[in-house]
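Hi there,

Here is the structure I promised to pass along.

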Amino acid sequence: MFTPIEIIIILLIGAGAGIFTGIMGGSGVVVVVPMLTLFLAFDPHTAIGTSLLINIIAAVVTSVIYYRHQNIYVKPALWIAFGSVIGAQAGSVFADMIPSVGLSKLFGLMLTPMGVLIWLRGIRRTIGGTQDSQENNTLPVETRRGRLIAFGLGLFVGIMCGLFGAGGGGMIFIILIFALHYPIHLAVGTSSLIMAITATSGTIGYAIQSNIDIYTALIASVPTVLAAWIGAWVANRVDEKTLGRIIGLILIVFGVVMIVTQYIF
C-alpha cells in the first residue's frame, strides 16, 4: 500500500497529466512516466503501462469538452487511428526489449524537436501577419493521398505509443497540423479522441506483459478528470496562435527536463 506522501504525489501526477492533456491533447506520459520513476521508483516499463491507463481517462474527458466546442473532426483522421492501433500492439511487445534507461532518453529526444516545430510555426504565423486556412478554421479536405499518409504516420505513432507509453496525442497533433492541415484547436480535439483509442490498444499490450500498476492509475485518475476538464476549457478560450505557442513551449520544456534528469538521477 502507499504512504500518505506517496498518495499525494500520485494525486499531483494525475492533476499534471490532466492539465497537459486538456491543453494540448497530448499524452500525460510526459508527466506521469518521469514522476513515477523519479519519485516513486517505478520501473520505466510499469510507469509507461500505468500512464497509458491514465491517458485513456484524460483523453476521453478532453474529447468531450472539445466536442462540445465543435473542435473534433474525425473522418480524415480515422486512418491515423487505424494505423496507430496496429502499431501500438507491436510497440508494446518490443518495449520489453529496450533497456529501461534507453526509454526515457529516447522519449525526451523525441519531445524536444516536436515542441520546436510547433513553436517556430507559431512564430512564423505571428511575424507574417497573415491568416492561413488554419486560422480561418476551414475543415481539411480528405484525399486518397492524405488517407495513405495518415495510415502510415498512424502506424508510426502507434509503435511509438507502445514503446514510450504515450497515447500518441502529441505526434498525432503534429500529423494533423502538418500533414492533414487541421486548425490547431481542431487538431487538439481530434488528437485527443484518437489518443483515447490508441492508448486503449497500448494499455492492452502492457496489461498482457503485466506492466501496469492498476492502483496507482486509479488514484491518479481522480484529479486527472477535473484537471483535464479545466485544461480543455481554458484551451478552447484562447486563440490559435496563443494555443500553438503554449503547446510548443510545453513540449520543449518537458523534453529537455526528461533528458537532463537522466544525467542527474
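The chain holds ten helices and zero strands, so please keep in mind that this is a predicted model and that helices here are DSSP runs of at least four residues. Read along the sequence, the pattern is α-α-α-α-α-α-α-α-α-α.

The chain has 265 residues, and 53% of them count as buried. Among contacts with a separation of 6 or more, 85% are between residues 24 or more positions apart. The accessible surface comes to about 11,500 Å², and carbon and sulfur atoms contribute 73% of that area.

I then picked out two residues.

Threonine 62 sits in helix H3, which covers residues 44-68. Its relative accessible area is 0%, so threonine 62 is buried. The side chain of threonine 62 reaches the backbone oxygen of alanine 58, at 2.9 Å. Leaving aside residues up to four places away in sequence, threonine 62 touches Thr21, Gly22, Ser192, Ala228 and Ala232.

Valine 31 belongs to helix H2, residues 29-39. Is valine 31 buried or exposed? Its relative accessibility is 9%, and the cut-off for buried is under 20%, so valine 31 counts as buried. With residues up to four places away in sequence again left out, valine 31 touches Ile13, Gly16, Ala17, Phe20 and Phe254. Glycine 18 is 13 residues from valine 31 in sequence, and their C-alpha atoms are 9.4 Å apart in space.

Best wishes

Key:
Residues numbered from 1 in each chain as written. Predicted model: local features only at pLDDT ≥ 70, side-chain atom pairs only at ≥ 80, totals over all residues. Heavy atoms only, no water. Helix = DSSP H or I, 4+ residues; strand = E, 2+ residues; numbered from the N terminus. Buried < 20%, exposed > 50% of the residue type's maximum accessible area, 1.4 Å probe, protein only. Polar contact = N/O pair within 3.5 Å; in protein donor to acceptor, adjacent residues only side chain to side chain. Contact = heavy atoms within 4.5 Å. Areas by Shrake-Rupley, 256 points an atom, 1.4 Å probe, with all protein chains shown as cover.
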